[in-house]
Amino acid sequence: MAEIVVVGGGAAGMMAAVAAAECGCAVSIYEKNEKLGKKIYITGKGRCNLTNACDTEELFSHVVSNGKFLYSSFYEFSNFDLMEFMCAQGCALKVERGQRVFPVSDHASDVTRALERRLRALGVKIYLNEEISAVDAVDGAVRGVVRKRGGTRSADAVILATGGLSYPSTGSTGDGYRFARALGHAVTALSPALVPMESPDPDIPALQGLSLRNVRVRLLAGGNGAKKEKKEKLLYEELGELLFTHFGVSGPVPLSASSYVAKRMRSGGAKDTNGFVLSIDLKPGLTPEQLDQRLIRDFEEYRNRDFKNSLDKLLPSSLIPVIVDRSGIAPDKQVNEVSRAERARLAALLKDFRIPITGLRGYREAIITQGGVNVREVNPSTMESRLVRGLYFAGEVLDLDAVTGGFNLQIAWSTGHLAGRAAGENCLGTFDSETGILYPKYRVQNG
């Protein structure tokens, strides 16, 4: 029986093991942690946003890096295939805002347990607290893996699903990149992604803890922070939630935007982060004309109040002093004395509230790693290395990433399933329906 070793017991690794075992191979998972799926337990704030229920075609629009590479894997094992699989393993699912999919129980542990049930039913051997120190390959073909505690484990194929560098406490310490480089693979520049962003804006301390919902956020490059520039380029735009922190901004929309900051910095599009800015439309449901009419009504109601006390119905209390200061309108000026030009300036500020971005937080706070094994050296139809026969990659170790919403886990599920199935089929051989003969592949080649 063909032997397949999966290095890494996260989302991609477990799914790869399932797919390989379903082909009839003997499969073993080597996981350095004390349990499988350790990173799954903390995703979605412990609820696990395991995929997104959008159309399969729409998945590609949410991929930040190398979306075309994922064509085969997304269609081979789609988000709907994943949902069907989970339900079949006893993990009931629900769809929430933004088509995000969660277990009905709101417990990420149910996702891991569903996968573990399938692994055990298929007879997959699971080795916990087992760290791999290298992949054994000779003459361009895999022979197995080297265990850190000593000894080697022979295999007809090895699937690297070791994750990236994000959340190192979960075991993501870049082992896969080291293995890949040792075997001749190129690893692209690495960066934390889906990570909070830092801002030196002096208003940040006053806004700390403020959560804004249903705001439209645009990430711009080419500006210098507070002022608009003619050469600004829109990198990302989304309607959603934003959270001000003691160092800058976080929340679903900024996290997604951070991936575009990281990508531009990696590609050399910006020498430093002073050219990035978040433009926040605080009232996206109102056109400029409608917003002006809203201000006229509010100002009429509060015509005898000071300007600083006239925005209670329009903005959260912690944001009012900042808006008053930025508007340039005297705080103690009576509302009935605010000019049309001042009102227009206020409306423009509400539609374009700017926060300069000067940095990204580190891997300890990053949900994913951007960059990884160069996908040009991997066959997208099988996830097999183009350099080393019998070596496969899956998940975050590859130069693949997407925005928030369950898309990164779907990359893990899809690439993992494709890698496992392809490895299993290649190890067992090709079945000729006309002759009824199974032609072996790697076993003959490896002698």
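Guide: Helices are DSSP runs of H or I with at least four residues, strands are runs of E with at least two, and both are numbered from the N terminus. The model is predicted, so local features need pLDDT of at least 70, side-chain atom pairs count only at pLDDT 80 or more, and totals for chains, interfaces and linings use all residues. Residues are numbered from 1 along each chain as its sequence is written, and side-chain values use heavy atoms, without hydrogens or water.

Visitor: How many helices and strands does the chain have?

Guide: The chain has 13 helices and 24 strands. Its C-alpha trace spans about 90 × 45 × 40 Å along the principal axes. Of its 447 residues, 56% count as buried (under 20% relative accessible area; exposed is over 50%, partly exposed in between; 1.4 Å probe, protein chains only).

Visitor: Which residues of helix α4 are buried?

Guide: An α-helix has 3.6 residues a turn, so residues three or four places apart point the same way. Now take α4, residues 79–88. Asn79, Leu82, Met83, Phe85 and Met86 are buried there. Seen down the axis, these buried residues fall within an arc of 160° (taken from the directions from the axis to the C-beta atoms), so they line one face of α4. Glu84 and Ala88 are exposed, on the face turned away from the buried side.

Visitor: What caps the N-terminal end of α4?

Guide: Serine 78 does. One of its side-chain oxygens lies 3.2 Å from the backbone nitrogen of phenylalanine 80. After α4 comes glycine 90, with a positive phi near 90°.

Visitor: What is the strand order in the open sheet of 3 strands?

Guide: Two strands pair if DSSP finds at least two bridges between them. Here the order is β3-β6-β5, with antiparallel pairing. β3 (51–52) and β5 (93–96) are the edge strands, each pairing on one side only. β5 is joined to β6 (residues 100–103) by 4 bridges. Lysine 94 has phenylalanine 102 in β6 as its bridge partner.

Visitor: How much space lies in the second largest pocket?

Guide: Rolling a probe the size of a water molecule over the atoms shows where empty space is left. A pocket is an open set of points on a 1 Å grid over the protein atoms alone, where a 1.4 Å probe fits, with protein on both sides within 12 Å along at least five of seven lines. Volume is the space filled by probe spheres set on the points, which are joined across faces, edges and corners. The second largest pocket holds about 270 Å³. It is lined by 21 residues (an atom within 4 Å of a point). Arg97, Gly98, Arg100, Glu238 and Leu239 are the closest to its centre. β15 gives the largest share of this lining, 5 residues.

Methods: Polar contact = N/O pair within 3.5 Å; in protein donor to acceptor, adjacent residues only side chain to side chain.
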